[in-house]
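My notes follow the order in which I checked things.

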Amino acid sequence: MDEPRYAIYFVPPAGASEWAQLTREPRKYGFHATLKAPFHLLPPLTEADLTAELERFAAIPRTLPAIEPAIRPLAQFIAVVAAEPSLALDRLAADGVMAFDRFRRPLTSHEREQRLGAGLSERQIENLDRWGYPYVFEDFRFHLTLTGSIDAERRASILALLQARFDDIDGGHSLPITQLALVRQDARSTPFRVVGQAALTAVRSGQ
């Protein structure tokens, strides 16, 4: 029987346009950027405990990131990424990986083997074994996935299409990271749903 999985995401405000065919696969996870990758809860911890930790974590004063979004190809898919590196965003992601790890049930051998099949580096394997996910800390890259896997011969034309549409929607505005979402997936075949949100606390000037 499937058990719920939880994750900590940044979910941008509603209103972005949707391309049904291209985004069918990523829509299972929602339009989001991962800060703590999906995991099963470690008993006896509960969703209420996880919600309380999200609120505690969000209440810590910090420099809130704001990125300039850009459309880029990532491996076989296309995503919205930060046009320039952001130390504040990297710190937020790293803090989240560590803060929520005590809630994570260790990977099963099957889950680990599935991840190893992606051809990970030695450092990514170490991350996988310690944190349950290979793409953390130095290997973290903020991204909001727009498409599923796209054949190489189609990638350039689809990238141009999405770039043109994105330019119409975005208009060169920055994307502030001001809140985090707790999401739950009740079974592997079902979408992730937001079950809690918490506004991040900005550090006051002079602190």
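In which strand is Val194 found? I find Val194 in strand 9; strands (E, at least two residues) and helices (H or I, at least four) are DSSP runs, numbered from the N terminus. I am working on a predicted model, where local features need pLDDT of at least 70, side-chain atom pairs count only at pLDDT 80 or more, and totals for chains, interfaces and linings use all residues. Residues are numbered from 1 along each chain as its sequence is written, and side-chain values use heavy atoms, with hydrogens and water left out.

**Val194.** Val194 counts as partly exposed because its relative accessibility is 43%, between buried (under 20%) and exposed (over 50%), with a 1.4 Å probe and protein chains only. Leaving out residues up to four places away in sequence, Val194 touches Val11, Ala181, Leu182 and Val183; contact means heavy atoms within 4.5 Å. From Val194 to Tyr6 I read 9.7 Å, C-alpha to C-alpha, across 188 residues of sequence.

Four strands form an open sheet in the order 2-1-8-9, with antiparallel pairing. Two strands pair if DSSP finds at least two bridges between them. Strand 2 (33–39) and strand 9 (193–199) are the edge strands, each pairing on one side only. Neighbouring strands are turned by 15° against each other on average, direction ignored; axes are lines fitted to C-alpha atoms, for helices over the stretch in contact, and angles run from 0 to 180 degrees between N-to-C directions.

**Strands 1 and 2.** Strand 1 (residues 5–10) runs antiparallel to strand 2, joined by four bridges. Tyr6 has Phe39 of strand 2 as its bridge partner.
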